[in-house]
Amino acid sequence: MSWMLSLPILIPFLTGVLAFLLRELRAGAWISVIGCAILLAASAVLMGHVLDKGVVAGQMGNWPAPFGITLVADLLSAVMVVITAITGLAVSIYALAEINRRKEYLGYHALFQVLLAGVCGAFLTGDLFNLYVWFEVMLISSFGLLILGGSKAQIDGGIKYVTLNLVSTILFLSGVGLLYGLTGTLNMADLALAVDQVENQGLLTVIAVMFMIAFGVKAAVFPLFFWLPAAYHTPSFSVSAVFAGLLTKVGVYALIRMFTLVFDHDVGYTHTILLWVAGFTMVTGVLGAAAQSDFRKILSFHIVSQIGYMILGLALYTPLALVGAVFYLVHHIVVKANLFLISGVAEKLTGSTELKEIGGLYKSAPLLGILFLIPAFSLAGFPPLSGFWAKYILVKASLDIEMWIIAGVALFVGLLTIYSMTKIWAQAFWEPHPYGLEPKLSILTPEQRWSYLLPIAFLATLTIIIGFYPEPFVQFAERSAAQLLDPAPYIEAVLGAQP
Amino acid sequence: METLLALAIGVLVAAAVYLMLARNVLRFIFGLILISNAANLTIFVSGRLTQGLPPLIADGAYAPVVGSANALPQALVLTAIVIGFGLFAFALVLVFRAYTTLGTLNSDKMRVAEPREDAAK
């Protein structure tokens with residue numbers, strides 16, 4: 001089955017190479033779209049297979065685990081790959097109109113595809129050092145995308161993004177080294193067994209905290225998130241959207257994977273830290289957003305706040321809480337990428353993302369207004385949209401184990417999220433434009449309109465579907481959480497896959 | 001030997017942290033390069049050190065002699081060095097570009113992406 005597992009990594013890489021070779025032609029952008037569509041098909045096949053057969057593992061180069069590099073797909077990995085492909089497809093269609101010829105020539109599409117390959121690799125790998133390599137693939141291509149164009153703000157944001165992420169990388173690498181010294185293996189399934197044999201469990205907790213900090217920087221949790229609002233509002237809107245949707249979520253995924261599979265020896269200690277982190281992340285993110293007055297900066301701070309909810313699900317560490325975390329992860333990627341895409345259209349129509357400088361969008365472009373309301377309400381947790389169910393599950397999970405305070409914090413942060421969304425709505429859509437302009441969608445060419453609005457409408461539809469028919473998604477999240485809490489099939493699939 | 005290397009790693013990390021606390025971004029990058037080398041040495045030591053026994057498999061044997069050097073951490077370090085080289089090459093060019101476009105290497109003065117409220121007025 002290893003070919004099926006390596007496809008989500010190989011397809012974007014090959015697409016990236018092709019797109020780079022044809023970057024001087026208009027075809028590069030279309031290759032990117034087609035590549036993402038094929039990736040979506042491949043990931044759907046993989047998903048069907050995992051749903052059917054349970055955890056799938058494959059050994060690269062036929063070296064048996066734990067010696068070779070293992071690729072594993074359980075339900076969580078599979079759904080993350082599918083959602084990566086969906087986001088990639090939406091953003092690559094959006095990029096048809098947004099990315100200009102100069103950025104295409106500089107290799108935008110190739111970098112974008114390599115980024116997707118890195119993200120898929122990180123989701124599918126079953127080896128800790130291999131995870132480090134995928135993080136690097138992701139990181140170097142995100143550096144390129146972030147500063148592509150080279151404006152002052154991009155370089156400025158880029159410096160902070162690059163330096164802080166490199167610190168996290170080095171911490172990750174040291175953690176890998178120490179963990180290898182302690183256990184003698186880096187295969188995640190093998191690690192799950194090996195950590196129980198370690199005599200000095202205290203040392204293991206120290207290493208666990210190192211990983212927590214390293215992944216915490218990637219996931220942008222309190223107090224390690226400062227690189228995110230410094231950088232995410234500077235690049236092209238397509239780049240912002242794919243970063244906002246996917247990159248921090250790879251950090252969250254790595255946290256969930258490591259702290260359910262490997263570091264579950266001292267839950268009382270590690271997960272209590274995570275609980276505090278989750279609470280502070282939710283609150284600081286949402287308060288930071290309340291203080292901003294730029295469309296994209298508000299959204300950037302909201303990424304931080306929403307990450308807190310996912311960490312909360314992991315920190316509570318009950319079956320229901322993990323269901324909430326998985327559901328939240330999926331819902332959030334769709335909604336957040338969509339909001340960034342919408343902020344892009346708002347900028348094209350009105351010329352700015354600074355809320356004081358824009359307005360009147362609801363009157364002149366009502367369609368965009370409605371498309372904005374769907375993800376915005378979903379983010380804030382209005383029933384019956386997807387965010388409502390995600391927050392509902394998490395709050396219920398915390399009430400079930402009598403964590404009253406954190407449940408209160410989660411609800412209060414939801415309320416403040418509505419405040420920020422109303423602020424954007426009031427200033428960008430409701431109030432008249434400060435200079436009396438009436439930005440209409442018709443100033444865009446028909447091709448532009450299609451390639452901007454199609455992905456937005458597609459993602460909004462997805463939000464509505466998850467909202468109105470949450471049943472299959474919740475069931476899926478339940479199965480996925482059960483797999484996370486009982487790693488035996490995962491370990492068996494990896495170590496028993498080959499004689 | 002382990003003690004000596006542990007001390008060397010400690011010195012490297014201390015020097016790196018000192019450099020990384022500077023406001024000058026170039027010094028920060030130099031600090032990062034030092035601390036990444038400390039991380040590489042950590043991996044190297046975690047494979048346990050041996051003397052004069054390369055992990056070569058003799059003719060007709062199926063495994064190296066017991067007590068020979070552990071090749072895996074060395075392979076990991078090699079990968080990490082290559083990746084680190086690429087990242088730092090990029091970071092250095094980015095710092096140079098920052099110096100030419102922003103006109104400063106002082107991280108306190110890099111406020112283009114996040115302007116201060118009072119400065120904007």
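**Close-up views of a predicted two-chain model**

**View 1. Helix 12 of chain A and helix 13 of chain A are roughly antiparallel to each other (an angle over 145 degrees).** In this predicted model, local features need pLDDT of at least 70 and side-chain atom pairs count only at pLDDT 80 or more, whereas totals for chains, interfaces and linings use all residues. Residues are numbered from 1 along each chain as its sequence is written, and chains are lettered from A in the order in which they are written. Helix 12 (residues 267-290) and helix 13 (residues 295-316) of chain A pack at about 160 degrees with their axes 7 Å apart, the axes being lines fitted to C-alpha atoms over the stretch in contact and the angle, from 0 to 180 degrees, running between N-to-C directions. Helices are DSSP runs (H or I, at least four residues) numbered from the N terminus.

**View 2. Residues of helix 12 of chain A meet residues of helix 13 of chain A.** Among those in helix 12 are A:H271, A:L274 and A:G288, and among those in helix 13 are A:I298, A:F301 and A:A315, contact meaning C-beta atoms, placed from the backbone, within 7 Å. By class, this contact has 16 nonpolar, eight polar and no charged residues (Ala, Val, Leu, Ile, Met, Phe, Trp, Tyr, Cys and Pro count as nonpolar, Asp, Glu, Lys and Arg as charged, and the others, Gly among them, as polar).

**View 3. The contact between the chains takes 27 residues from chain B and 27 residues from chain A.** Helix 3 (71-102) of chain B gives the most to the side of chain B that touches chain A, with 14 residues. That side of chain B has 19 nonpolar, six polar and two charged residues.

Key: Helices (H or I, at least four residues) and strands (E, at least two) are DSSP runs, numbered from the N terminus. Angles under 35 degrees count as roughly parallel, over 145 as roughly antiparallel, 65 to 115 as roughly perpendicular and the rest as oblique. Two residues are in contact if their C-beta atoms, placed from the backbone, lie within 7 Å.
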